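Welcome, and thank you for opening the viewer.

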Amino acid sequence: MQTPLHAQQYIWPTEASPYLSSTFGETRSAHFHAGLDIKTWGREGYRVFASRKGKVHRILITERGYGKALYLKHEDGTYTVYAHLQRFNEKIQAYADSIRLHTYTAEIDLRVDSLNFEFAPRDVIGYSGSSGIGPPHLHFEIRDTMQHPVNALTSNLSVPDDIPPIFKSIIVEPLTKNSRVEGTPYSKYRKAEKTEDGTYNFGTFSITDEVGMAVNVHDRANKVRNSYAVYELYLVHRSDTLFYEQIKSYNYEDAHEMFLNRIAPFGANKRGHQRLYDKEGSNNPFLLTAHPTAKISLADSTETYTIIARDYFGNTAKAHISFIPLPRQNVTKSTLSKPPSEWYWNENWASPDLNSTIDLENPGIGFPWKRGQRILFSEDTTLYTLARIIPDTLSKVTTPDHRLKAVFFGNEFHDTLSVAVSHNINKDGIQLSIQAGNVVSRSSYLLEFYVGDFLKTNAPHHLYHRSKDGKLSFLNSKLVGGTIHAMPSTLGEFVVLSDSIPPSVRDFRIQKTNYGKWLGIAQVTDPLSGIDSKTAKFYINGKRGIAEFDYEEELLIYYLPDFSPQNSNTATLIISDKAGNRTTSSMSFQFPASASY
């Protein structure tokens with residue numbers, strides 16, 4: 001039987017600092033944060049210790065994500081994880097290097113229990129860094145015997161904290177096609193006001209029909225300015241607890257629940273607000289209580305609700321919000337004056353004009369096309385194919401001209417919803433749209449578009465996702481027989497573009513690290529398609545090294561354990577972008593003294 005976490009004795013895993021930059025359960029781009037981030041004050045190279053007696057279970061080196069990471073398994077079957085390391089200790093680093101040098105592969109993922117790399121508490125296992133994603137820090141996790149991450153603050157580990165949480169803002173969202181918030185069919189955002197008694201107030205919202213709330217509240221700790229996740233969150237009405245969640249542990253299989261539990265204000269992208277009701281189709285891993293009346297529907301009187309936030313150390317904050325009923329308004333027909341990317345979306349209804357709604361479950365909406373598909377015409381005559389996507393059911397959505405097809409395999413979404421599919425070809429190129437609001441796909445779907453003879457050049461063409469801020473992201477796609485094929489993992493807006501420009505290589509230099517290793521470094525950039533680091537080959541003085549790519553700094557790094565520069569050196573770098581354009585860059589140079597990296 002596994003010993004309770006609070007009964008185990010862990011030591012603080014680094015000498016860098018006793019302070020945190022992030023805590024367990026915070027919102028990340030595609031998951032809940034699984035550990036504690038320990039501050040290293042923007043510097044690298046602090047010693048990282050085994051927090052408990054154990055042996056190395058896994059050695060991981062990845063370009064993104066955790067970067068260089070170690071997983072220790074302990075005698076009771078639990079694990080600790082140490083990520084974003086600069087390097088491992090000498091013995092582990094030598095082993096990892098020997099494996100990578102067989103094929104000059106930068107990334108590895110090894111299970112090494114049989115090698116018996118054993119450590120006692122406070123033995124040095126590595127050094128803090130910034131590999132993977134983010135600035136310098138140490139990411140530390142505790143996992144149970146099933147490899148499920150557990151909030152490390154529920155162990156004996158602690159930080160100084162006597163500061164209560166801080167409420168920042170609230171979202172009130174309509175939940176039915178007849179719902180209105182302040183008279184509108186889309187969600188409303190409002191900042192909190194702190195009152196003289198130390199509580200917070202969100203004021204009063206007028207509502208029609210059923211609405212839900214999502215709150216942005218964060219914690220603070222002594223002597224640092226970072227914002228953290230709270231540990232407990234309650235919604236209380238009178239004496240009844242309608243909603244209660246505790247940020248204690250979760251299963252990695254539920255990591256995608258973040259997209260249902262955390263939302264952004266309408267028109268924004270950052271999912272910083274936690275829902276205070278149980279979203280249909282959700283399996284919130286932190287949820288302990290969810291009463292149906294957490295979805296608020298008023299009869300004929302004003303009601304006030306209290307939101308309580310508490311950190312792990314018992315510091316507590318309260319916020320109040322009131323609702324006043326607003327009678328249903330006369331329903332007006334919605335106009336399709338905006339593109340679907342600007343609609344307010346719900347799984348079963350949408351507001352195209354932000355004034356009234358359309359019922360996406362209504363089989364009579366628009367004009368019939370294929371089975372389960374309807375056609376809508378916008379005011380500018382743009383044609384949209386609207387289709388219901390049902391979980392565990394294969395769905396094929398096709399535009400009437402048969403140019404665009406989207407195939408959903410049944411496991412992309414948590415619940416039944418509608419998508420709007422369209423395309424546009426003009427002098428600016430080819431634009432594709434697969435829209436369902438801020439819904440996030442759990443897996444890839446198939447997208448095909450017949451370009452025909454529209455492409456006038458022989459340059460390679462690929463599909464790119466275009467974010468709301470206009471940023472383009474390359475998608476692995478192929479043009480076969482006049483049709484472009486891709487497997488996107490996200491909905492949204494897409495464009496077809498050509499890219500015949502290879503990556504640029506500049507600012508080559510050799511530097512000595514602060515731990516005595518020599519590295520070759522070059523700046524490699526490709527603004528449209530991005531660098532394909534797996535194609536990289538890096539030679540110095542005729543010897544091939546491991547080519548490590550720092551994608552945040554756009555640096556390609558030559559690493560060879562015994563490398564030392566000569567007075568006269570030659571370097572050759574071969575690198576391709578994701579569209580297949582290749583650059584070969586060679587240079588000769590005399591070696592001067594240089595700064596540490």
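What volume does the largest cavity have? It has a volume of about 120 Å³. Before you look for it, two notes on the model. This is a predicted model, in which local features need pLDDT of at least 70 and side-chain atom pairs count only at pLDDT 80 or more, while totals for chains, interfaces and linings use all residues. Residues are numbered from 1 along each chain as its sequence is written, and side-chain values use heavy atoms, with hydrogens and water left out.

**Stop 1: the cavity**

A search of the whole structure finds one cavity of 30 Å³ or more. Select Thr23, Leu153, Asp219, Ala229 and Tyr312: of the 17 residues that line the largest cavity, these are the closest to its centre. A cavity here is a set of points on a 1 Å grid over the protein atoms alone where a 1.4 Å probe fits but cannot get out, and lining residues have an atom within 4 Å of a point. Grid points are joined across faces, edges and corners, and the volume is the space filled by probe spheres set on the points. The lining has twelve nonpolar, two polar and three charged residues. In this count Ala, Val, Leu, Ile, Met, Phe, Trp, Tyr, Cys and Pro are nonpolar, Asp, Glu, Lys and Arg are charged, and the others, Gly among them, are polar.

**Stop 2: strand S24 and its partners**

Now select residues 316-325, which form strand S24. Strands are DSSP runs (E, at least two residues) and helices are DSSP runs too (H or I, at least four), numbered from the N terminus; two strands pair if DSSP finds at least two bridges between them. Strand S16 (residues 200-208) runs parallel to S24 and is joined to it by six bridges. Within this pair, look for Phe205 opposite Phe323. Strand S23 (residues 303-310) runs antiparallel to S24, with eight bridges between them, and Thr304 stands opposite Ser322.

**Stop 3: salt bridges**

Next, show charged side chains. The whole structure has 22 salt bridges (a side-chain nitrogen of Lys or Arg within 4 Å of a carboxyl oxygen of Asp or Glu). Select Glu548 and Arg100, whose side chains meet at 2.8 Å, N to O. Glu548 lies in strand S44 (residues 543-550) and Arg100 in helix H1 (residues 90-103), 448 residues apart.

Is Arg100 buried or exposed? Arg100 counts as buried, at 0% relative accessibility, and Glu548 is buried as well, at 14%. Buried means under 20% relative accessible area, exposed over 50%, and partly exposed in between (1.4 Å probe, protein chains only).

Move on to Lys279 and Glu347, which form a salt bridge at 3.0 Å, N to O. Lys279 is in the loop between strands S21 and S22 and Glu347 in the loop between S25 and S26, so the pair ties together parts 68 residues apart in sequence.

**Stop 4: a three-stranded sheet**

Finally, select S25, S26 and S27, which make an open sheet in that order with antiparallel pairing. S25 and S27 (358-359) stand at the edges with a single partner strand each, so one side of each has no neighbour in the sheet. S25 and S26 pair over two bridges, and Trp345 has Ala350 in S26 as its bridge partner.

Definitions and conventions:
On a 1 Å grid over the protein atoms alone, a cavity is a set of points where a 1.4 Å probe fits but cannot get out, and a pocket is an open set with protein on both sides within 12 Å along at least five of seven lines; lining residues have an atom within 4 Å of a point.
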